[in-house]
Amino acid sequence: MKTVIHKANTRGHANHGWLNSYHSFSFANYQNTERMNFGALRVLNDDTVSEGRGFGTHPHQNMEIISIPLKDDLQHQDNMGNATIIKQGDIQVMSAGTGIMHSEYNKNKDRAVEFLQIWIIPNKTNVKPRYDQISLKELEKPNSLYQILSPNANDAGVWIYQDAWFNLGTFTEDTTTSYALNKKDNGVYAFVLEGNVSIEGEQLSKRDGVGLWETDNIAINASKNSKVLLIEVPMVF
């Protein structure tokens, strides 16, 4: 097994006033040759958007874009005709393909919004753009990992154009569990959202990340009141 550790305080950081963003991988003005990606995982941004502010209309192309609100909600609009609210407890996915234009705003007047924006490099390019959004409430399994994204439209969660699987674990009790990888040549990037988690003996705290590959299974020990996101992606793509 090979591993790489990214402690929370080693991430790239940009504070634009209305946007406070932490980058696990190179993004915009944060460029680190040792942190360009983890396999097909290209971007993992931990964003806080101020009251009444947001991202104006901007383009994407040939990228799988996943948004996961962690606190409160965002208003989304795009040129495919979607005008929705992405709520805490939802997951949104866009296959940008040949090109999309979209915007995201915090319409709340009294509180900031926290959300993850994740980019996955697709295994198919120039596809017809698509959009999907679901609530994760019916998928949630307390004190266990549960799938929220896969390559398969008929599986639990949303789907994307890549052999990738996302799992969430929300733990209200001290829990020991494991995760079996879906494909031999994939790796897993684990990102701690809350609390403290030990993965293969590595002690991780809030917003720490660890990448693991050349293995088929990983051991996880989660403390009470912790939450972790597992992102399984191809290491060669």
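**A look into the core**

Modeller: Happy to! This is a predicted model, and its chain has 22 strands and 0 helices. The radius of gyration is 17 Å, close to the 18 Å that the globule rule gives for 237 residues, so the chain is as compact as a globular protein of that length. Along its principal axes, the C-alpha trace spans about 45 × 40 × 40 Å. Of the 237 residues, 51% are buried.

Now to the part you asked about. The largest nonpolar core holds 28 residues, and those touching the most other members are Ile66, Ile118, Ile120, Ile148 and Leu229. Several strands give two or more residues to this core, among them strand E4 (41-49), strand E6 (64-71), strand E11 (113-120), strand E13 (145-150) and strand E22 (226-234). In soluble globular proteins, nonpolar side chains tend to be buried together.

Let us stop at Ile66. Leaving aside neighbours within four places in sequence, Ile66 is in contact with Ile91, Gln92 and Val93, with Leu116, Gln117, Ile118 and Ile120, and also with Leu149, Ile160 and Phe166.

Stepping back to the whole chain, 70% of the contacts between residues at least 6 apart in sequence join residues at least 24 apart.

Notes:
Residues are numbered from 1 along each chain as its sequence is written. This is a predicted model: local features need pLDDT of at least 70, side-chain atom pairs count only at pLDDT 80 or more; totals for chains, interfaces and linings use all residues. Side-chain values use heavy atoms; hydrogens and water are left out. Helices (H or I, at least four residues) and strands (E, at least two) are DSSP runs, numbered from the N terminus. The radius of gyration is taken over C-alpha atoms; the globule rule is 2.2 Å times the number of residues to the power 0.38. Buried means under 20% relative accessible area, exposed over 50%, partly exposed in between (1.4 Å probe, protein chains only). Contact means heavy atoms within 4.5 Å. A nonpolar core is a set of buried Ala, Val, Leu, Ile, Met, Phe, Trp, Tyr and Cys residues joined through side-chain atoms within 4.5 Å.
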